[in-house]
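Hi,

Here is the structure I promised to pass on to you. Have a look at it first, and then read on for what turned up when I went through it.

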Amino acid sequence: MEQIEKKLKEILSKYLPDKKIPESFNPDMKLISDLKINSARIVDIILDIEEEFEIDFSNRDIEKISNISGILNLIKSKTQAK
Amino acid sequence: MAFIGCDIIDLHDKQNVKSFANPKYLQKISTEDESDIVPESLIKPAFIWSNKEASYKALSKFLHVPPIFNPCDFTINKIRQTGNIFLSKIIYRPADYSLFAETHIDDGYYFSIARLHRTDHGKIYFFIEELNTKKHENASKQVRELLFRKLHCQNHYPLTSFNTDEHSRPYPILIHPMKKNIDISFSHDGGYIACAFDS
């Protein structure tokens with residue numbers, strides 16, 4: 001899980017307003033309201049995750065990634081199912 | 001109230017340019033049929049995104065919607081052009097709701113205003129300004145201050161009569177000048193801030 005989180009942070013940092021993961025980063029943080037990521041970048045994040053972890057997100061999966069723990073759980077379940 | 005939502009897309013924002021050039025981005029936010037009805041003269045991902053996000057914002061004032069915007073919940077099924085404005089009909093599929101959007105096309109941006117009722121056309125005011133700060137946290141504050149100044153100058157509403165609650169739900173924001181509620185929607189992207197409101 002640590003490796004997944006590390007890779008996820010690298011992806012997220014590209015889309016953060018100041019390109020840096022905040023010190024307060026935690027699994028409960030929401031992408032838009034807490035990390036201030038532009039909503040149009042959520043699609044970019046999904047595409048980057050799909051490429052990095054070689055998984056596919058369904059149209060419905062976007063609803064599960066409003067916060068960090070949601071993304072981590074989704075990546076974990078999809079990588080385990082491969 | 002009109003239940004309106006707006007969304008602006010900065011066409012020259014570097015990340016937008018990169019994202020919209022990726023065919024996979026368009027596939028993630030639209031169906032093939034839907035993409036086909038968007039005129040080739042438009043930047044399809046920008047047009048589809050702004051229509052759908054504006055619709056989500058409008059709908060979130062009226063229905064309980066998921067906390068995160070899913071573009072695949074919306075389908076654009078009709079588009080009509082009048083000059084630099086494109087009028088669209090958009091279906092929210094989970095509840096089979098129709099929304100109506102107008103998208104203003106400019107060299108620098110696409111700006112969509114969506115509403116639940118077609119008859120609300122004509123009652124909506126909007127303004128678009130270039131942003132003079134790069135800090136996102138200041139953009140939200142800036143657009144509100146700008147709106148208040150405009151309403152103060154145009155409608156003579158006292159500046160002290162406004163109250164916004166931006167954290168109440170994902171998007172709905174109401175202000176209360178005197179005894180009348182005004183439905184309002186804000187948007188920020190790249191170098192632009194925008195606002196639409198009924199009056």
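**Between the two chains**

Across the interface of chain B and chain A, the rule finds two salt bridges. Please keep in mind throughout that this is a predicted model. One of the salt bridges joins A:Glu50 to B:Lys28, with 2.7 Å between the closest N and O atoms. Counting residue pairs in polar contact between chain B and chain A, with both residues at pLDDT 80 or more, gives eleven.

Which parts of chain B face chain A? Helices α1 (14-20), α2 (23-29) and α4 (44-59) of chain B each supply at least two residues of the side that touches chain A. The largest share of that side, four residues, comes from α2(B). By residue type, the side of chain B that touches chain A divides into eight nonpolar, six polar and six charged residues.

The contact involves 20 residues from chain B and 21 residues from chain A. As you will know, the size of an interface is often given as the accessible area lost when the parts come together. Here, chain B and chain A bury about 1,700 Å² between them, and 58% of that is on carbon and sulfur atoms. B:Tyr25, B:Lys28 and B:Ile68 supply 35% of the area that chain B buries against chain A, which is more than any other three residues.

B:Lys28 turns up again if you start from A:Ile46. This isoleucine sits in helix α2 (residues 41-53) of chain A. Is it buried or exposed? A:Ile46 has a relative accessible area of 5%, so it counts as buried. Leaving aside neighbours within four places in sequence, A:Ile46 is in contact with A:Phe57, A:Ile62, A:Ile65 and B:Lys28. If you want a distance to check in your viewer, the C-alpha atoms of A:Ile46 and A:Leu8 are separated by 11 Å, and the two residues are 38 apart along the chain.

**Strand β5 of chain B**

Next, please turn to strand β5 (residues 109-115) of chain B. Seven of its seven residues are buried, so the strand is largely enclosed by the rest of the structure. In a regular strand the side chains alternate between the two faces of the sheet. Both faces of β5(B) are covered: B:Tyr109, B:Phe111, B:Ile113 and B:Arg115 are buried on one side, and B:Tyr110, B:Ser112 and B:Ala114 are buried on the other.

Which strands pair with it? Strand β1 (residues 4-10) of chain B pairs with β5(B) in the antiparallel sense over seven bridges, and in that pairing B:Cys6 has B:Ile113 as its bridge partner. Strand β4 (residues 97-105) of chain B also pairs with β5(B) in the antiparallel sense, over six bridges. There, B:Phe100 stands opposite B:Arg115. A hairpin of three residues joins β4(B) to β5(B).

**Two residues of β4**

B:Glu102 lies in strand β4 of chain B and is buried, at 13% relative accessible area. Its side chain makes a polar contact of 3.1 Å with the side chain of B:Arg115, one of the buried residues of β5(B).

B:Thr103 is in strand β4 of chain B too. With a relative accessible area of 0%, B:Thr103 is buried. What does its side chain make a polar contact with? The partner is the side chain of B:Asn51, at 3.0 Å. Leaving aside neighbours within four places in sequence, the residues in contact with B:Thr103 include B:Phe47, B:Ser50, B:Asn51, B:Asn84, B:Ile85 and B:Phe86, as well as B:Tyr110, B:Phe111 and B:Ser112.

**Two backbone angles to look at**

Most residues other than glycine have a negative phi. A:Glu54 has a positive one, near 55°. A:Glu54 is found in the loop between α2 and α3 (68-80) of chain A, and it is exposed, with a relative accessible area of 63%.

In chain B, the residue to look at is B:Asp96, which is not a glycine and has a positive phi of about 55°. B:Asp96 lies in the loop between β3 (85-92) and β4 of chain B. At 63% relative accessibility, B:Asp96 counts as exposed.

Best wishes

Note on methods
Residues numbered from 1 in each chain as written. Chains lettered and ligands numbered in written order. Predicted model: local features only at pLDDT ≥ 70, side-chain atom pairs only at ≥ 80, totals over all residues. Heavy atoms only, no water. Buried < 20%, exposed > 50% of the residue type's maximum accessible area, 1.4 Å probe, protein only. Pairing = 2+ DSSP bridges. Contact = heavy atoms within 4.5 Å. Buried area = accessible area lost by both parts, 1.4 Å probe. Salt bridge = Lys/Arg side-chain N within 4 Å of Asp/Glu carboxyl O. Polar contact = N/O pair within 3.5 Å; in protein donor to acceptor, adjacent residues only side chain to side chain. Nonpolar A, V, L, I, M, F, W, Y, C, P; charged D, E, K, R; others polar.
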